Every structure is written in structure tokens, then in C-alpha cells.
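This briefing is for a reader who is new to the structure shown below.

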Amino acid sequence: MTADNDDGARNGGGGAKGRPSGEAEVSDSLRTFGAVLKVLREEANLTQEELAPRVRYSAHYIAKIEQGKRYPPKDLPARAEEPLGYVASRVLTAAYRSLTRRTGLASWFHQWAGVEEEALSLYAYECRAIPGLLQPEAYIRAIFERRLPPVTEEQLERETAARLDRQRIIEQKPNTAFSFVIEQAVLERNVGGDQVTLAVVDHLLAMGRRRNVEIQIMPLCQEDHCGVDGHLYLAETPDHRWVGYTEGQRSSNLLTAPKDVSVLLQRYCSLRSQAHDGRATVSLLEQMRGAYERH
């Protein structure tokens with residue numbers, strides 16, 4: 001598992017269709033698309049830093065696409081027409097269509113990973129597990145060790161490292177606002193045992209002290225709870241559009257239709273009002289920390 005192909009439907013955010021054969025196929029096809037983009041960029045005598053603002057993405061994101069580590073945005077070929085030319089745009093369009101036609105592609109998470117990296121604001125409501133961006137290493141390992149079918153030791157190490165690497169965006173993007181609403185039941189589940197849960201609580205307290213991170217816990221009892229339809233993720237793109245993301249068992253869905261995204265935004269706003277505020281969340285986490293320390 002890579003940071004771009006995170007099996008988050010069971011692990012707390014950022015997942016994709018999880019067939020191993022599909023993962024290998026998408027990896028190869030992404031590298032091919034990236035190589036095509038690199039050749040076309042070099043033919044236009046542009047560096048990644050020069051191309052990036054002209055297609056309205058960051059140089060870091062362009063580099064990831066060329067390395068085959070990020071799923072290219074759907075509008076990249078159209079944006080590339082001005083700096084790379086009409087023919088290059090058509091070549092990229094054909095390459096993108098070939099990419100999305102491949103069977104078994106875990107495409108949605110690759111797209112979401114790119115959205116996540118570029119987001120101006122990112123919101124998450126989780127009722128299944130701690131959000132992937134907030135999971136300490138002990139919790140990541142506890143989840144992966146319990147996955148079915150079982151993973152090999154090599155997979156465990158690779159996937160743990162990948163998720164930790166993905167989390168760096170919180171530190172690397174201090175101007176991005178990250179907001180998380182997490183069900184208290186997720187913490188009470190005690191996945192991995194007391195020491196793992198204690199590590200989670202400590203990590204949430206530490207992350208919540210960052211200026212760009214807001215964490216709220218949804219109490220166990222809340223009569224006005226509006227999250228019964230399940231978890232949701234939302235991101236504001238660099239051009240100030242909002243997109244949504246949801247997951248199920250071995251499946252995921254990127255939502256871009258304004259009507260659908262509006263529904264998620266309305267629900268998230270209500271969830272924030274129904275959850276504990278920042279101070280009450282810190283107080284609850286500190287109480288939980290004390291309880292686990294006494295065990």
C-alpha cells in the first residue's frame with residue numbers, strides 16, 4: 001500500500017478499491033502517464049516550477065504526478081493546452097482516458113490524495129476509526145495487523161510508512177485549515193488495547209495544539225446527531241470549489257456535483273455544532289488520558 005492507495009474504508013480515511021492486482025495495474029499506468037507528462041513538459045522547455053503555475057497546481061504536485069505517485073486531475077490535460085500546446089493536450093487526454101479505462105483501478109483515492117495535498121481547507125467526520133491524517137504509528141499498526149485478509153510483514157511496514165508520510169501535509173501546509181469531528185465511540189472502542197488508545201489520545205492532544213488543526217469529539221449521547229448516514233470528507237480546492245469524498249467496503253466515491261457537495265457541507269456544519277467545542281474536547285481527552293494511565 002502506498003500513501004496514494006490507502007485502504008481507508010477500514011482504516012480511517014483515504015481509501016480505494018483494494019484489489020492487489022488493481023493496485024499493481026494502477027501503479028504501472030500512473031508511472032506511464034507521469035512519464036508522458038514529463039516528456040511533453042521537457043519538449044516545451046519548461047521546468048516543473050515553470051509549468052506548475054500555468055496549470056494552476058503546485059510544483060510538488062506536478063512532481064508527484066510525473067513520478068507516478070499521484071493520480072492526475074481530470075482537468076490537467078485541458079489546463080496543459082496553453083503551456084504545452086494543443087497536440088500535447090490531446091496526448092494527455094488520450095493517456096488519461098486510457099488510465100481511467102483500466103479495470104480494477106483504485107482511482108478515487110488517487111484523485112482524493114491529490115485534492116488533499118492541494119486543499120485550502122479540509123474537513124473530516126469519522127465514525128469508523130481515527131482519521132488517517134491523525135493516526136499515530138501504534139494505531140496504524142494495530143489496524144493493519146488486524147486486517148483481513150492478513151498482510152505480510154513487508155506490506156505492514158510499507159503501508160505504515162506510507163500513511164505516516166501522507167500525514168506530513170499537516171505540517172507542510174500551515175495555511176490549510178484542517179477540521180476533524182470524531183465520534184467518541186471510536187476512542188472508546190480501544191483498538192489495540194490501552195497503550196495504543198493512550199497513544200491516540202496523546203497524539204490528538206498534540207495535533208490539536210497546532211494553529212491549523214481543529215479537533216472536536218462527538219459525545220456518545222447526542223439527540224440531535226445528523227451524521228447517521230456515515231462518515232464524510234470535504235476539501236476546498238485552490239480555485240475555491242468544494243469536493244466531497246466517501247468510502248464503503250472496498251469502494252470509494254469522489255463527489256463533485258454542487259448539489260451533492262452542498263448536502264455534505266450542510267451536514268458537516270451541523271456536526272460541528274453538535275460536537276464538543278475545542279475546550280470541551282481537550283477536557284474530555286485529558287480525562288480519558290488519566291483513566292487509561294490508571295489502568
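In helix α8, the buried residues are Tyr-139, Ile-140, Ala-142, Ile-143 and Phe-144, where buried means under 20% relative accessible area, exposed over 50% and partly exposed in between, with a 1.4 Å probe and protein chains only. These buried residues pack against α9 (153-166), α11 (184-188) and α12. Helices (H or I, at least four residues) and strands (E, at least two) are DSSP runs, numbered from the N terminus.

The model is predicted: local features need pLDDT of at least 70, side-chain atom pairs count only at pLDDT 80 or more, and totals for chains, interfaces and linings use all residues. Residues are numbered from 1 along each chain as its sequence is written, and side-chain values use heavy atoms, with hydrogens and water left out.

**Helix α8 with helix α12**

- Helix α8 (residues 137-145) packs on helix α12 (residues 194-208) at an angle of about 135 degrees, and their axes are 8 Å apart.
- That angle makes α8 oblique to α12; angles under 35 degrees count as roughly parallel, over 145 as roughly antiparallel, 65 to 115 as roughly perpendicular and the rest as oblique.
- Axes are lines fitted to C-alpha atoms, for helices over the stretch in contact, and angles run from 0 to 180 degrees between N-to-C directions.
- The crossing of α8 past α12 is left-handed, meaning that the near helix is turned anticlockwise from the far one by less than a right angle, while clockwise would be right-handed.
- On the α8 side, Ala-138, Tyr-139 and Ala-142 meet Val-196, Ala-199 and Val-200 of α12, with contact defined as heavy atoms within 4.5 Å.
- The residues of this contact of α8 with α12 are six nonpolar, no polar and no charged.
- In this classification, Ala, Val, Leu, Ile, Met, Phe, Trp, Tyr, Cys and Pro count as nonpolar, Asp, Glu, Lys and Arg as charged, and the others, Gly among them, as polar.

**Helix α8 with helix α9**

- The axes of α8 and α9 cross at roughly 140 degrees and come within 10 Å.
- This makes α8 oblique to α9, and the crossing of the two is right-handed.
- From α8, the contact uses Glu-137, Ile-140, Arg-141, Phe-144 and Glu-145; from α9, it uses Leu-156, Glu-157, Glu-159, Thr-160, Arg-163 and Leu-164.
- By class, the contact of α8 with α9 has four nonpolar residues, one polar and six charged.

**Helix α2 with helix α3**

- Helix α2 (residues 48-55) and helix α3 (residues 59-66) have axes 8 Å apart and pack at about 110 degrees.
- The two helices, α2 and α3, are therefore roughly perpendicular to each other.
- Gln-48, Glu-49, Leu-51, Ala-52 and Val-55 of α2 meet Ala-59, Ile-62, Ala-63 and Glu-66 of α3.
- The contact of α2 with α3 has six nonpolar, one polar and two charged residues.

**Gln-48**

- Gln-48 lies in helix α2 and counts as partly exposed because its relative accessibility is 21%.
- Leaving out residues up to four places away in sequence, Gln-48 touches Arg-41, Ala-59, Ile-62, Ala-63 and Glu-66.

**The chain as a whole**

- The protein chain has 14 helices and six strands.
- Of its 295 residues, 50% are buried.
- Among contacts in the protein chain with a separation of 6 or more, 76% are between residues 24 or more positions apart.
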